[in-house]
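Here is a friendly walk through one protein model, with the cut-offs given as each term comes up. Please keep the viewer open while you read.

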Amino acid sequence: MSAYTTGTRRSSTASFSSSISTKGREYRRQRNKGKIRAGSPDEEMALLEHIKGMSLADGAKRELKSLLISLLMLGEEDTARKLQHVCLNFQLSQIAATKLAEDAMSSDQIDESAFSLENYIQKEREELHNSEAFSWLSKTLL
């Protein structure tokens, strides 16, 4: 057998095995009706996508800014301040949780003191004035 034939056979076998394993994973997923096994890489990715999906959409940011302005125009500064505070904390937590999950997934070792949500929230809080993500904030309520 020539080296070319042997190499071709190996690549065909690898391709065939890869196709079988991919089909096998797909079959297991369908059989489990979309359930994700706890602790699996699929679970980590699903959780990360879920956290990302909770972010404030651009339309929601515009509506929130409009609501804050309306409340201020109506003399409801206290209500506007509370609303902004709650939304700011939500957004900071959501962004921090996303970054924490991404960093933790890419790391082989987890240092619980470095990978804490509080640390990530603090980092985001320090950078919020430079971030377009927080453009909805009313500067008068800060």
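## Model and conventions

This is a predicted model, in which local features need pLDDT of at least 70 and side-chain atom pairs count only at pLDDT 80 or more, while totals for chains, interfaces and linings use all residues. Residues are numbered from 1 along each chain as its sequence is written, and side-chain values use heavy atoms, with hydrogens and water left out.

The average pLDDT (the predictor's confidence in each residue, from 0 to 100) is 81 for the protein, and 76% of the residues score at least 70. Confidence is lowest in helix α1 (residues 3-31), with a mean of 55, and highest in α3, with 96.

## Overall make-up

The protein has five helices and zero strands, so its elements read α-α-α-α-α from the N terminus on. Both kinds of element are DSSP runs numbered from the N terminus: helices are H or I with at least four residues, and strands are E with at least two.

Of the 142 residues, 20% count as buried. Buried means under 20% relative accessible area, exposed means over 50%, and partly exposed lies in between, using a 1.4 Å probe and protein chains only. Contact here means heavy atoms within 4.5 Å. Among contacts between residues at least 6 apart in sequence, 65% join residues at least 24 apart.

## Helix α3 against α4

Helix α3 (residues 58-73) packs on helix α4 (residues 77-105) at an angle of about 160 degrees, and their axes are 8 Å apart. That makes α3 roughly antiparallel to α4. For reference, axes are lines fitted to C-alpha atoms, for helices over the stretch in contact, and angles run from 0 to 180 degrees between N-to-C directions. Angles under 35 degrees count as roughly parallel, over 145 as roughly antiparallel, 65 to 115 as roughly perpendicular, and the rest as oblique.

The α3 and α4 crossing is left-handed; the term applies if the near helix is turned anticlockwise from the far one by less than a right angle, and right-handed applies if clockwise. On the α3 side, the contact includes Lys 61, Leu 64 and Leu 68, while the α4 side includes Leu 83, Cys 87 and Gln 91. The residues of this contact divide into eight nonpolar, three polar and two charged. In this scheme Ala, Val, Leu, Ile, Met, Phe, Trp, Tyr, Cys and Pro are nonpolar, Asp, Glu, Lys and Arg are charged, and the others, Gly among them, are polar.

## Two further partners of α4

Helix α2 (residues 41-53) and α4 have axes that come within 9 Å and cross at roughly 160 degrees. These two helices are therefore roughly antiparallel to each other, and α2 passes α4 in a left-handed crossing. Glu 44, Met 45, Leu 48, Ile 51 and Lys 52 in α2 meet α4 residues including Gln 94, Ala 97 and Met 105. By class, the α2 and α4 contact has six nonpolar, two polar and three charged residues.

Helix α5 (residues 117-127) packs with α4 at about 120 degrees, with axes 8 Å apart. The pair is therefore oblique, and its crossing is right-handed. From α5, Leu 117, Tyr 120, Ile 121, Glu 124 and Arg 125 take part, meeting α4 residues among them Leu 88, Leu 92 and Asp 103. This contact of α4 with α5 has nine nonpolar, two polar and four charged residues.

Lys 61 lies in helix α3 and counts as buried, because its relative accessibility is 13%. Beyond residues up to four places away in sequence, Lys 61 touches Leu 56, Gln 91, Ala 133 and Trp 136. The C-alpha atoms of Lys 61 and Phe 134 are 8.3 Å apart, although 73 residues separate them along the chain.

Apart from neighbours within four places in sequence, Gln 94 is in contact with Ile 51, Lys 52, Met 54 and Ser 55. Thr 140, in the segment after α5, is exposed, with a relative accessible area of 60%. Leaving out its neighbours within four places in sequence, Thr 140 is in contact with Leu 72 and Arg 81. Thr 140 and Arg 81 are 59 residues apart in sequence and 9.2 Å apart in space, C-alpha to C-alpha.
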